[in-house]
Amino acid sequence: MKSNFTVIENANLVLETGILWDGVMVIQNDRIVDFGARSTVEIPSGVTRYDAHGAYVGPGFIDLHVHGGNGFSTCSEPVKAADFFLRHGATSILATPDYSMPLATFLDSIRTIKAAIPTAKTIRGMYLEGPYMNPNYGCNAHINPWRHPIDPAEFKQLVDEAGDLATVWAIAPEREGLLPFLKYARQVNPNTLFAVGHSEARPDQIRALGTAFKPRLQTHSMNATGRQPVGGGLRGYGPDEYAWQEPDVYTEMISDSLAVHVHPDMQRLLLHTKGLHRVVLITDSTVFAGSPPPQYAHVTDLNFDAHGGIAGSRITMDQACRNVMTHTNCGIAQAFIMASLNPARAIGIDRERGSIECGKIADLVFVNDRFDVKDVMLGGKICKFD
């Protein structure tokens, strides 16, 4: 009878507290049941052995904010998009419709994602980027179809269709008539998380939403955010400043290769201000195909809208980890925390995923010291890619 145990050997295990060199991990079915130094782990007989050949083995990446990649949208071709990101170590993603979609397209996207989940086994829910954000911010702002007043007849269709898969709703607190939407979204899915995104709301406007609807996440910090002027040459303040000073708010960060989205100094400031355990790496990967403006002609991992505005990235989570190490001088274990544990905690799936712990699902990624992905394990099984 075939054993249901798998043992990973010759691995550098990436733990929340650092690196366990020459580690061993025991997996039973889809769960981690033991790990540690080689001399401390009892290996059952008849196991399937996997030699990691000295790779760093860490928890699978969790990308909370991803629209698509490699030409595949998470809204129209979610299975192909999920497979592409899985090859780069993302064992959990939130498929992300966005504010540029009119109502009918938004609803179709939600239905497509829902239908794909049984096949695309890495999609854990949806990150609804809009529609009720500030229409003056973000790519293609000139064609944002959601400038009109918030209409209950529209948002009830969206909320009902998304149901309990609406993991995150990104909103701009300054939008008039927002409260009925927030109440209905929470009524339909009590676990929905609100994020402040594409906004110029002052901190007091955000806090005015009250404890029940307080945003616990900031959509791509320092991108598509504004500050309301205060006059007299003084610096204004907005969603970034709100997120930086609220200790329980997680901040998303896009770390592209040239730090166009967030300058290296600002990446370091964000880590200094929020602390390691409140920064969430995301890709915000999209499938836009506009031409770059001259100043960005040399950039290979960004996307642009029809007017040359930055429209997300082309990065994957392995690249995001490599980039944040370059820009902030953090280490491998710290990059994994931002790419796995923090996003898991932010959306409440850390009991099952996000770190190497006994009892957690064996979603793992095997990388070298440059975060090149060597193998991916999903639910205790090594993924086989064509």
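Student: What volume does the second largest pocket have?

Tutor: About 260 Å³. Volume here is the space filled by probe spheres set on grid points, which are joined across faces, edges and corners. Before we go on: this is a predicted model, where local features need pLDDT of at least 70 and side-chain atom pairs count only at pLDDT 80 or more, while totals for chains, interfaces and linings use all residues. Residues are numbered from 1 along each chain as its sequence is written, and side-chain values use heavy atoms, with hydrogens and water left out.

Student: What makes something a pocket, and what makes a residue part of the lining?

Tutor: On a 1 Å grid over the protein atoms alone, a pocket is an open set of points with protein on both sides within 12 Å along at least five of seven lines, and a lining residue has an atom within 4 Å of a point. In the second largest pocket, 19 residues line it, and Cys139, His220, Asp284, Ile310 and Gly312 lie nearest its centre.

Student: How do the lining residues divide into nonpolar, polar and charged?

Tutor: Seven are nonpolar, nine polar and three charged. Asp, Glu, Lys and Arg count as charged, Ala, Val, Leu, Ile, Met, Phe, Trp, Tyr, Cys and Pro as nonpolar, and the others, Gly among them, as polar.

Student: Why is Ile282 called buried?

Tutor: Buried means under 20% relative accessible area, with a 1.4 Å probe and protein chains only. Ile282 has 0% relative accessibility, so it counts as buried. Ile282 sits in strand S15, a strand being a DSSP run of E with at least two residues.

Student: Which residues does Ile282 touch, leaving aside neighbours within four places in sequence?

Tutor: Contact means heavy atoms within 4.5 Å. Among the contacts of Ile282 are Asp63, His220, Glu252 and Met317.

Student: How do you know that S6 and S9 pair?

Tutor: Two strands pair if DSSP finds at least two bridges between them. S6 and S9 (residues 90-95) have four, in the parallel sense, and in S9 the partner of Ile62 is Ser92.

Student: What is the strand order of the open sheet?

Tutor: The order is S6-S9-S10-S11-S12-S13-S14-S15, eight strands with parallel pairing.

Student: Why do S6 and S15 stand at the edges?

Tutor: S6 (61-66) and S15 (279-282) each have a single partner strand, so one side of each is left without a neighbour in the sheet.

Key: On a 1 Å grid over the protein atoms alone, a cavity is a set of points where a 1.4 Å probe fits but cannot get out, and a pocket is an open set with protein on both sides within 12 Å along at least five of seven lines; lining residues have an atom within 4 Å of a point. Buried means under 20% relative accessible area, exposed over 50%, partly exposed in between (1.4 Å probe, protein chains only).
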